[in-house]
Amino acid sequence: MDSIKKRTYDAIVIGSGISGGWAAKELTEKKLNTLVLERGRDVKHLRDYPTAMKEPWELEHRGQMPLDVQKANPIASKCYIFKEDAAHFVVKDAEHPYIQEKPFDWIRGYQTGGKSLLWARQTQRWSQLDFDGPKRDGFAVEWPIRYDDIAPWYSHVERFAGISGNKDGLPQLPDGEFLPPHEMTCVEKYFKEQMAKAYKDRPVIIARCAHITKAQPIHYQQGRSQCANRDLCQRGCPLGGYFSSNASTLPWAAKTGKMTLRPNSVVHSIIYDEKKQRATGVRVFDSETKQMMEFYAKIIFVNAAAFNTNMILLNSTSNRFPNGLGNDNGLMGKYVAFHNYRARVSAEYDGFLDTTTEGKRPNSSYIPRFRNVFKQETDFLRGYAAGLYTSRNKIHDNNAIGLDLKNSLNAPKWGNWNVGSHIMGETIPKESNFIALDKTKLDPFGMPQLRISIDYDENDEKMVKDYLEQITEMFTIAGFKNIQTADSHQAPGLDIHEMGGVRMGKDPKTSLLNEWNQLHACKNVYVTDGACMTSTSTQNPSLTYMALTARAVDYAVKV
Amino acid sequence: MKRRTVIKNIGIALGSFGSLPTWAAGWNQATFDKNNSFNNEKLLAELVETLIPTTDTLGAKGLGVHQFIQKMMTDCYDKQAQTDFEQILLTINPLIIKLFGKSFAESDTKQRIELLQSLAQSQDKKIQNFYNTLRGLTIQGYTQSEYYMTRFTDYEMAPARFYGCVPVKK
């Protein structure tokens with residue numbers, strides 16, 4: 001009995017990444033004894049950032065991964081983070097196998113803080129136009145919440161996390177609680193002006209991002225300080241200059257004395273009590289002792305990362321739920337979607353040649369979605385946002401040899417401005433895009449392996465084509481030269497924005513979660529990570545997960 | 001010797017690997033490790049030094065760029081690329097001896113540069129790859145050295161600022 005008591009908490013949070021960290025913070029602040037289960041190793045802020053202070057010349061291969069590591073990790077090697085300075089935060093292929101029914105590059109970060117250490121830190125809000133998407137355009141199901149429901153929670157998480165941005169007054173990209181914005185470059189400002197002249201509906205702004213551009217008391221209280229523009233974020237930030245669970249929510253939760261963080265704890269399933277008709281705890285495989293253990297709580301938050309959350313719920317079978325916890329309608333794992341990041345456009349600009357930038361900006365400019373925003377206008381559904389970045393590089397004479405080469409390297413000349421853009425396209429959740437547990441193959445932790453069957457469709461192809469055409473047109477109007485378009489045809493997954501499978505909705509027949517992120521059929525289980533997303537819109541999703549999490553915890557402790 | 005003649009001779013000596021000297025064509029990893037690694041390190045050092053020479057500031061050799069290239073070759077390139085690179089490397093001395101009567105180390109700067117220019121202009125894919133790899137890694141090793149970054153760039157690990165539009169420094 002004592003042992004059971006010891007393993008009983010008020011709440012359990014599965015996962016310590018960007019949303020799990022928020023669940024931990026909010027639950028412990030509300031005085032709940034909370035167990036946070038992390039499947040990977042522990043990564044403590046400051047202590048476990050081994051490369052954070054390394055100079056470029058101190059990296060053995062200047063960042064490049066040795067060939068044998070690349071060959072052993074064909075999936076991870078496709079990810080831009082899998083470099084010498086941060087590869088230790090990325091899951092190695094062989095350790096965590098999965099089955100690709102169709103090509104899908106599943107990038108994972110199994111450690112305390114999860115992918116919050118590695119994310120690109122872009123934090124654009126959704127607007128009501130995004131929440132209206134599925135209903136207006138007739139796909140997926142209607143969102144059960146409106147922008148007004150989540151807006152105060154956006155504010156809540158923004159103030160704590162520290163979000164820099166400019167108040168742009170755009171209906172399609174609502175303003176938030178902003179710290180001072182990063183500067184746009186002269187060419188970005190020029191481009192913004194040109195677009196305002198050429199189009200009535202194509203604003204260009206500085207992106208909003210989770211960097212402390214001016215520290216407030218709330219940030220100092222977390223032990224964080226102003227971002228020093230190192231732009232080495234994926235190594236972990238000794239200053240806590242960007243938001244991560246490790247630097248922010250987890251130490252905050254720990255400070256309450258109410259959090260127990262348990263790394264190396266791979267959640268196998270959630271325990272459902274048929275009599276009580278609710279979940280009573282979780283089964284955990286301890287990856288160090290190789291023992292199965294059970295932990296108990298009245299409230300369970302599943303924040304394992306989108307696909308892992310699906311896996312845990314699908315693996316939580318009982319007489320009542322033979323197909324997975326809360327999966328009465330058989331839709332769990334289906335209607336997953338992602339962001340289309342396939343296309344890029346680059347160019348040069350030979351204006352403003354007497355100017356450049358100084359310092360580093362861990363951010364870029366941003367072209368909010370302009371297609372089908374207020375009404376349907378094209379032959380494809382939804383639209384795309386675009387990143388926009390410009391920089392001025394120095395160039396040397398590559399063909400020189402000897403003194404000429406040395407002189408050219410030691411005193412390089414300024415080149416033109418370089419301009420780049422990439423697509424962030426909304427994909428439509430469909431029943432045919434799904435994930436499921438394999439019936440026989442287990443992973444090294446005794447969990448069924450995940451089968452992934454996700455592909456682009458005609459809508460995505462049309463969108464890529466339109467993006468390339470439109471950005472080319474916009475760059476041409478701006479007078480940019482040497483415009484080059486590229487479609488990488490990369491498999492889904494590298495966006496690291498996989499979403500859905502446990503979608504929110506109004507009707508238990510067609511969705512898994514209600515408007516408070518509770519499983520319709522098992523109300524003390526909450527899902528507030530990417531798995532809950534009904535549709536994907538174009539914004540980088542983490543900020544929305546954070547806001548949904550804080551909102552759901554607020555509700556969970558009241559009921 | 002005129003440039004044109006050098007190029008022509010390289011065409012004869014290296015133009016196709018069917019006509020490689022027998023000892024080079026019969027090369028394998030074991031013979032390389034046993035017999036040539038030390039000499040090759042010296043030769044590589046002279047090659048990078050020719051590309052980026054010592055002046056009143058350090059050149060590529062003084063910065064150990066040849067060792068960086070060896071490390072990158074060993075750890076980051078596949079066996080085929082390593083073999084190809086080393087195969088061409090082994091032909092450098094026989095070739096320059098044929099052209100100028102002296103080894104690469106003994107040749108003067110002008111002769112060394114002439115040889116490198118000829119490699120750069122070769123129509124042979126393997127020679128092109130060799131030269132491009134050598135040049136690329138030499139420039140990388142040099143420009144990413146602490147010495148270069150702290151003397152010739154405005155590198156700061158933590159600039160603590162970003163200005164989007166400043167005048168270019170004259």
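Two strands pair if DSSP finds at least two bridges between them, and strands (E, at least two residues) and helices (H or I, at least four) are themselves DSSP runs, numbered from the N terminus. With that in hand, welcome to the tour. This is a predicted model, in which local features need pLDDT of at least 70 and side-chain atom pairs count only at pLDDT 80 or more, while totals for chains, interfaces and linings use all residues. Residues are numbered from 1 along each chain as its sequence is written, and chains are lettered from A and ligands numbered from 1 in the order in which they are written.

**Stop 1**

Select residues 448–453 of chain A, which form strand S19. S3(A) pairs with S19(A) in the parallel sense over two bridges, and A:Ile99 stands opposite A:Arg451 in S19(A).

**Stop 2**

Colour chain A by its domains, whose bounds come from an automatic or database domain assignment. Domain 1 covers 2–165 + 245–338 + 427–454 + 495–558, and domain 2 covers 168–206 + 340–426 + 456–491. Their centres, taken over C-alpha atoms, are 31 Å apart. Where they touch, domain 1 gives 26 residues and domain 2 gives 28; two residues are in contact if their C-beta atoms, placed from the backbone, lie within 7 Å. On the domain 1 side, look for helix H5 (133–137), helix H6 (147–161) and strand S4 (163–164), the elements that give two or more residues.

**Stop 3: the nonpolar cores**

A nonpolar core is a set of buried Ala, Val, Leu, Ile, Met, Phe, Trp, Tyr and Cys residues joined through C-beta atoms within 7 Å. A residue is buried if 20 or more other C-beta atoms lie within 10 Å of its own, exposed if 12 or fewer, and partly exposed in between, with C-beta atoms placed from the backbone. The largest core has 158 residues, and A:Val13 and A:Ile300 are among those with the most contacts inside it. Helix H13 (residues 542–558) of chain A supplies the largest share, nine residues. Both domains of chain A take part, with at least three residues from each. Apart from this core lies another, of 34 residues, including B:Ile52 and B:Tyr148.

Zoom in on A:Val13: leaving aside neighbours within four places in sequence, its contacts include A:Leu27, A:Val36 and A:Phe301.

**Stop 4: a buried asparagine**

Go to A:Asn308 in helix H10 (residues 306–314) of chain A. Is A:Asn308 buried or exposed? A:Asn308 is buried, because 27 other C-beta atoms lie within 10 Å.

**Stop 5: where the chains meet**

Show both chains: 32 residues of chain A are in contact with 36 residues of chain B. Strand S14 (355–359) and helix H11 (403–410) are the elements that give two or more residues to the chain A side. S14(A) pairs with strand S1 (residues 162–167) of chain B in the antiparallel sense over four bridges, and A:Gly359 stands opposite B:Phe162. The predictor gives the complex an ipTM of 0.94 and a pTM of 0.94.

**Last stop: confidence in chain B**

Finish at residues 6–37 of chain B, where pLDDT stays under 50. Where pLDDT is low, the predicted coordinates should not be read in detail.

Notes. pLDDT = per-residue confidence, 0-100.
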